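Have the viewer open as you read.

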Amino acid sequence: EIHAEVQLKNYGKFLEEYTSQLKRIEDALDDSVGDVWDFSLDPIALKLLPYEQSSLLELIKTENKVLNKVITVYAALCCEIKKLKYEAESKFYNGLLFYGEGATDSSMVEGDCQIQMGRFVSFLQELSCFVTRCYEVVVNVVHQLAVLYTSNK
């Protein structure tokens, strides 16, 4: 108990010194560093993000009809790629990264590995469909670029 109390006092001293040291560093850097929005002190905040109400087709309007079509195709492909990237990051990255984590071989009961893999099959099926869709989009992009490159118009 005495040893624990001594360690607790030492830890308290360390925290006080560390806090004062951080405060000195913060004051030395700039006064604006401490002016960050705090949820407990300021329950209301403004988000000043621009909101575009125009559709993609309205932004692409030019006098040249052929150029409008070409730009529309590439813009749609870029939007599709952005959606696929978001889907990959939100849906598939974590599942692939953390599959099989958290359990050691010694703690697994007989058959748990098979059950875990069986539950993972539906995820793999979705991943297979996603990869097929990505392949189709990439092929489409390459075809569009090839047509644009070889076109004489």
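## How H3 and H4 cross

H3 passes H4 in a left-handed crossing, a label given when the near helix is turned anticlockwise from the far one by less than a right angle, with right-handed used if clockwise. Helices here are DSSP runs of H or I with at least four residues, strands are E runs of at least two, and both are numbered from the N terminus. The axes of H3 (residues 65–98) and H4 (residues 112–150) come within 10 Å and cross at roughly 155 degrees. That makes H3 roughly antiparallel to H4, a term for angles over 145 degrees; under 35 is roughly parallel, 65 to 115 roughly perpendicular and the rest oblique. Axes are lines fitted to C-alpha atoms, for helices over the stretch in contact, with angles from 0 to 180 degrees between N-to-C directions.

By class, the contact between H3 and H4 has 18 nonpolar, 3 polar and 5 charged residues. Nonpolar covers Ala, Val, Leu, Ile, Met, Phe, Trp, Tyr, Cys and Pro, charged covers Asp, Glu, Lys and Arg, and the others, Gly among them, are polar.

## Model and numbering

This is a predicted model in which local features need pLDDT of at least 70 and side-chain atom pairs count only at pLDDT 80 or more, while totals for chains, interfaces and linings use all residues. Residues are numbered from 1 along each chain as its sequence is written, and side-chain values use heavy atoms, leaving out hydrogens and water.

## Helix H3

With 34 residues, H3 reaches 49 Å from its first C-alpha to its last, close to the 50 Å expected at 1.5 Å a residue; the expected span is 1.5 Å times one less than the number of residues. H3 also has a kink of about 45 degrees centred on Phe92, where a bend is the angle between axes fitted to the seven residues ending at a residue and the seven starting there. Phe92 is among the buried residues of H3, including also Tyr74, Leu77 and Leu84.

Buried means under 20% relative accessible area, exposed over 50%, and partly exposed in between (1.4 Å probe, protein chains only). Cys79 lies in H3 and, at 36% relative accessibility, counts as partly exposed.

## Helix H4

H4 bends by about 30 degrees at Val121. Its buried residues include Phe120, Phe123 and Leu127.

## The whole chain

The protein chain comes to 4 helices and 0 strands. Of its 153 residues, 9% count as buried.
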